[in-house]
Amino acid sequence: MCGIVGYIGGQQAAPILLDGLSKLEYRGYDSAGIAVYNGEKIQMVKSTGKLKALEELTQGGAVLPGFSGIGHTRWATHGSPTDVNAHPHFNKDCSITVVHNGIIENYLKLRKKLEGKGYQFVSETDTEVLAHLLDYYYNGNPLEAIVKVLYRVEGSYALGILFKDFPEEIYAVRKDSPLIVGQGKEGNFIASDVPAILKYTRDVYFIENQEIVKLTRDSLNFYNIDEEEVQKESTRIEWDMSAAEKAGYEFFMLKEIYEQPKAVADTLYPRLKDDGIVIEELGMTEEEIRNIGKIYIVACGSAYHTGVTAKYVFEGLARIPVEVDLASEFRYRDPIFQPNTLVIVVSQSGETADTLAALREAKSRGVRTLGIVNVVGSSIAREADNVMYTWAGPEIAVATTKAYSTQLIAEYLLAIYFAKVRNEIDSRQFEDMLHDLKKLPDQIEFLLGGKEKLQHFANRYLATEHVFFIGRGIDYAISMEGSLKLKEISYIHSEAYAAGELKHGTISLIEENTLVVALVTQKDLYKKMLSNIQEVRTRGAFVMAVATAGNTEVEKSADYVVYLPETNPYFANSLAVIPLQIFGYYVSLGKGLDVDKPRNLAKSVTVE
Ligand code: F6R
């Protein structure tokens, strides 16, 4: 979603803003703009389309000289992607300018009020309300005006604000949308995410809800909503810029697919100690684990799919009942929490609006929460009672791959650990599972070696219109992810179906040469799946099966088989998803699409 960058310091601001925005492109956007104070007034340039257009219009920033400025990439919500709707937005005499990520929910009411006072709006955005509202409350004191605005607006926001009267200062504030502050040697920064400023500094401050920051070239002051100054600790970012760059790969998605063996190992190995599982950050005693009565796993998209898999693993191994919920549903469905419930929220970005709201809902009802999160210092990581990090490193491609794989690992570790503590598995089973877990990074590596064959196969399906993914049990959960991976980056309609459910309606869509991808990793369900494959094949489907090595009988039913190395059936998702990711990637590549930035999508969904 929208990206924000701001800079104030000793260097020309515009090139830094453009560079920072380019590092936020992965978030998804359809227009961009920058505003810089030139010693006399605030100058602004905006453009629809890719950042390249803005770079050309500003001659790489040269036409906007000055040492303080704010920039923005916009992912349209209120008003179509046009130059006028692009940010920044001005007040009436162009003395205040604002960039915004989030949604001002009461903007219509505010707009009406301001129009009644003579304010004229030029855009259709909710953001312009902020510029005029700041103007309305501004009386020579920026902090005071910002606080008054915060009391009036409802919704989510990260804001960067520049006042012409105070060109030596930039202001920023956030609520429920991400925003960080970077402290550099020759200036200070605001940004939606670390990659935008990592080239200049590793020292960042994570801003709390409704905290206001005043940046000058050599100072940072933080205030609460009562305008009282607050002290904050900075965090040192340990990862390198190279982790957020393509390193010779055509697309981030392929790079990230290839990073999975390492990401999985990095998430797994530090938690395997002395032949056991140690999850220090869990913060639960064995007694508390034994007492868990129910688990909710709440997440969105692919993270939700890992939860669907985890339900089988938690229930099968630890014998704890699990409900998996889409965060956007959970937050409004008034769930019945029993005593000793644990809510696990899963999120790569740690900023997904619905997941964050679900977490808050659970906390407000007194339920214990655990976040499984990738982005260190993100809102969910900070607000959950405890956080278990997935160590996937920065994930840039919109379609998740390595974060998904590491979320699975975190969930397996928890389930096995809970099962052990609750005496639901014996030492032998425990050891066997750890043995299989340890093999996963190498097995994923092995599967990555099969990419040419999958590319060849994918190229046959560039023109196909519909694909079905089927499976039972955990294989159904894998189907969901395989289907999402294909459709989101290739724009081919696909559906995941519980294989036994197909004949209750959907099978009527199967016709000559429809591609059906059948997941056949679960021993207990193998025979059932072979029958389901037959059902679609006799209706003309072309079947690609993903099965465990040795189960060659599947070749009699399927037309094309990808074999997976043997593992514990609970962990099959970690292997089966690899060919599905590669298949989706190559269909998208073959169609000449922008694999990393599919249309209409954003990496971090910070609006509900
Ligand atoms: C799909 C994908 C999304 C995310 C979802 C949740 O490839 O990436 O479905 O999984 O938007 O995002 P996070 O994990 O950041 O909460």
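Modeller: In the lining of the largest pocket, the largest share, 3 residues, comes from helix α7. Please keep in mind that this is a predicted model.

Colleague: What is the volume of the largest pocket, and which residues are the closest to its centre?

Modeller: The largest pocket has a volume of about 760 Å³. Its lining is made up of 39 residues, and Trp239, Asn374, Val375, Gly393 and Pro394 are the closest to the centre. The elements that give two or more residues to this lining are β15 (235-236) and α7 (260-268).

Colleague: How many residues of each class does the lining of the largest pocket have?

Modeller: The lining of the largest pocket has 17 nonpolar, 10 polar and 12 charged residues. Gly393, one of the residues closest to the centre, counts as polar because Gly is placed among the polar residues, whereas Pro counts as nonpolar.

Colleague: Which residues are the closest to the centre of the second largest pocket, and what is the volume of that pocket?

Modeller: The second largest pocket has a volume of about 580 Å³. Of the 28 residues in its lining, Cys300, Gly301, Ser302, Lys603 and Val605 are the closest to its centre. Two or more residues are given to this lining by each of α9 (301-318), β20 (341-347), α11 (353-364) and α16, and the largest share, 4 residues, comes from α9. By class, this lining has 11 nonpolar, 11 polar and 6 charged residues.

Colleague: What makes β24 and β27 the edges of their sheet?

Modeller: The open sheet is formed by 5 strands in the order β24-β23-β25-β26-β27, with parallel pairing. β24 (493-498) and β27 (560-564) each have a single partner strand, so one side of each is left without a neighbour in the sheet, and these two strands stand at the edges.

Colleague: Why do β26 and β27 count as a pair?

Modeller: Strand β26 (residues 542-548) is joined to β27 by 5 bridges, and at least two bridges are needed for pairing, so these strands count as a pair. Within this part of the sheet, Ala545 stands opposite Val561 in β27.

Colleague: Which helices lie against the sheet?

Modeller: Helix α16 (residues 474-490) packs on the sheet, touching β23 (466-471), β24 and β25 (515-520), and its direction makes about 175° with that of β24. Helix α17 (residues 526-537) lies across β23, β25 and β26, and runs at about 175° to β25.

Colleague: Why does Glu233 count as exposed?

Modeller: Glu233 has a relative accessibility of 72%, and exposed means over 50%, so Glu233 counts as exposed. This residue is found in the loop between β14 (229-230) and β15. The C-alpha atoms of Glu233 and Phe206 are separated by 8.8 Å, although the two residues are 27 residues apart along the chain.

Terms used:
Residues numbered from 1 in each chain as written. Predicted model: local features only at pLDDT ≥ 70, side-chain atom pairs only at ≥ 80, totals over all residues. Heavy atoms only, no water. Contact = heavy atoms within 4.5 Å. Axes fitted to C-alpha atoms, helices over the stretch in contact; angles between N-to-C directions. 1 Å grid on protein atoms, 1.4 Å probe; cavity = no way out; pocket = protein on both sides within 12 Å on 5 of 7 lines; lining within 4 Å. Points joined across faces, edges and corners; volume = space filled by probe spheres on them. Buried < 20%, exposed > 50% of the residue type's maximum accessible area, 1.4 Å probe, protein only.
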